[in-house]
Amino acid sequence: MLIKTGNSGFTHSIPSDITPQGVYQQRRELMKLLAGGAAGAALASWAGREALAQGAGKPGKLAALPGAKSAVAGAVTMEKVTDYKDASTYNNFYEFGTDKGDPAKNAHTLVTKPWTVAVEGLVKQPRTYAIEDLIKLSAQEERIYRLRCVEGWSMVIPWVGYSLADLIKKVEPLGNAKYVEFITQADPKTMPFVGSRVLDWPYVEALRMDEAMNPLTLLTFGMYGEVLPNQSGAPVRLVVPWKYGFKSGKSIVKIRFTDKEPRTAWNKAAANEYGFYSNVNPAVDHPRWSQATERRIGEDGLFAKKRKTLMFNGYEAQVGQLYAGMDLKKFF
Ligand SMILES: Nc1nc2c(c(=O)[nH]1)N[C@H]1C(S)=C(S)[C@@H](COP(=O)(O)O)O[C@H]1N2
Ligand SMILES: [Mo]
């Protein structure tokens, strides 16, 4: 993602910037060994490490939050699940810093108890939910979704939650409610980068009502059978698997129903680069880089060919009809 350096100026990551720490380290070691003429040994150790990276690894020691197998179409992929260690140490959560390793290092200061989520705006039943009540509102399911960042990396994660639609039906939106806005926590006391000028806080995201109602849109409380670690957006985040990762707001405190398309955090920061829809689309490039391919974290190493990005991140059968007749180059 790009970093705002002043009121209007931006610097941004080039593809090599998005190398995860571990791979970067390995590349440095490899370069050192190559310089020493030990290329064969270096390659052997690389291959060994790649093999070790297979398997999902063990989650941390957080409270268990198992989910039943989901019956929602598209909710499970047969692709290999990303190692928990990668999923929980390679993150975007700018409230805790702009480096991929920052959220895992810094998010321990986030206070997730007590936590409430206010549902407000154009609904018949506005209500503030204690997180404990929100968790129980519907049955927890495990959904194995890909999440693709606009920067070109992706992961496969077993999320735990329920369809946002279950909550929406409970609060009964009014007829003029057309959009759902997600407002996230912005507490400078517990989130060290809130107050920095990287983004206009709080981090806000939004969906059109039919997108929010699509059964794939997951109100997410856990991953890998446990509650979310802080850096992944505890205690509640969204996962919208057919959109670029930044649509999946973390640590949500307000859900607001509106009649106008809300301004969203990245759209405010750079409207020409981040549109409202932000559907994963290999045919529509980011103005400064291609979106046609991606690298799977922990799997696609230095020498691997990048994999092709799929239309709607592979969820076209489930969500393609939401955009029938729309010019997706215009509504990017
Ligand atoms: N509140 C908040 N939510 C956020 C972000 C953020 O900076 N702040 N980053 C977004 C981006 S760019 C991505 S790619 C995903 C990353 O989720 P992950 O760290 O669980 O992979 O979170 C999204 N949600
Ligand atoms: Mo992202």
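**Close-up views of a predicted model**

Figure 1. Among contacts between residues at least 6 apart in sequence, 72% join residues at least 24 apart. The model is predicted. Its secondary structure comprises nine helices and 15 strands. The protein has 332 residues, and 51% of them are buried. Its accessible surface comes to about 14,800 Å². Carbon and sulfur atoms hold 57% of that surface.

**Figure 2. Ligand 1 in its cavity.** Ligand 1 sits in the largest cavity. Around ligand 1 there are 16 residues. Tyr94, Glu95, Arg237, Ser248 and Lys250 come nearest. Two of these names, Glu95 and Arg237, return in the next view.

Figure 3. On its own, ligand 1 has 540 Å² of accessible area, and the protein covers 99% of it.

**Figure 4. Arg143, a buried arginine in strand β6.** Strand β6 spans residues 141-148 and includes Arg143. Is Arg143 buried or exposed? Arg143 counts as buried because its relative accessibility is 1%, against a cut-off of under 20%. Its side chain makes a polar contact of 3.1 Å with the side chain of Ser70.

**Figure 5. The surroundings of Arg143.** This view sets aside residues up to four places away in sequence. Arg143 touches Ser70, Val72 and Ala75, among others. Its contacts also include Ile157, Pro158, Trp159, Tyr162 and Ser163. Further along the chain, Arg143 touches Pro215, Leu216 and Leu218.

Figure 6. Most peptide bonds are trans. Which residues does a cis bond join at an omega of about 0°? They are Lys113 and Pro114. Pro114 lies in the loop between α4 (102-106) and β4 (116-121). A cis peptide bond also joins Ala234 and Pro235, with omega about -5°. Pro235 is in the loop between β11 (226-227) and β12 (237-239).

**Figure 7. Tyr224, a positive phi between two strands.** Most residues other than glycine have a negative phi. Tyr224 is not a glycine, yet its phi is positive, at about 55°. Tyr224 is found in the loop between β10 (218-223) and β11. Tyr224 is buried, since its relative accessible area is 10%, under the 20% cut-off.

Figure 8. What is the phi of Asn313? It is positive, at about 55°, although Asn313 is not a glycine. Asn313 lies in the loop between β15 (307-308) and α9 (316-319). With a relative accessible area of 2%, Asn313 is therefore buried.

Technical notes: Residues are numbered from 1 along each chain as its sequence is written. Chains are lettered from A and ligands numbered from 1 in the order in which they are written. This is a predicted model: local features need pLDDT of at least 70, side-chain atom pairs count only at pLDDT 80 or more; totals for chains, interfaces and linings use all residues. Side-chain values use heavy atoms; hydrogens and water are left out. Helices (H or I, at least four residues) and strands (E, at least two) are DSSP runs, numbered from the N terminus. Buried means under 20% relative accessible area, exposed over 50%, partly exposed in between (1.4 Å probe, protein chains only). Contact means heavy atoms within 4.5 Å. Accessible areas come from the Shrake-Rupley method with a 1.4 Å probe; for residues, only the protein chains shown count as cover. A polar contact is a pair of N or O atoms within 3.5 Å; within protein, one must be able to donate a hydrogen and the other to accept it, and residues adjacent in sequence count only if both atoms are side-chain atoms. A residue is near a molecule or strand if one of its heavy atoms lies within 4 Å of it. On a 1 Å grid over the protein atoms alone, a cavity is a set of points where a 1.4 Å probe fits but cannot get out, and a pocket is an open set with protein on both sides within 12 Å along at least five of seven lines; lining residues have an atom within 4 Å of a point. A molecule sits in a cavity or pocket if more than half of its atoms lie within 2 Å of its grid points.
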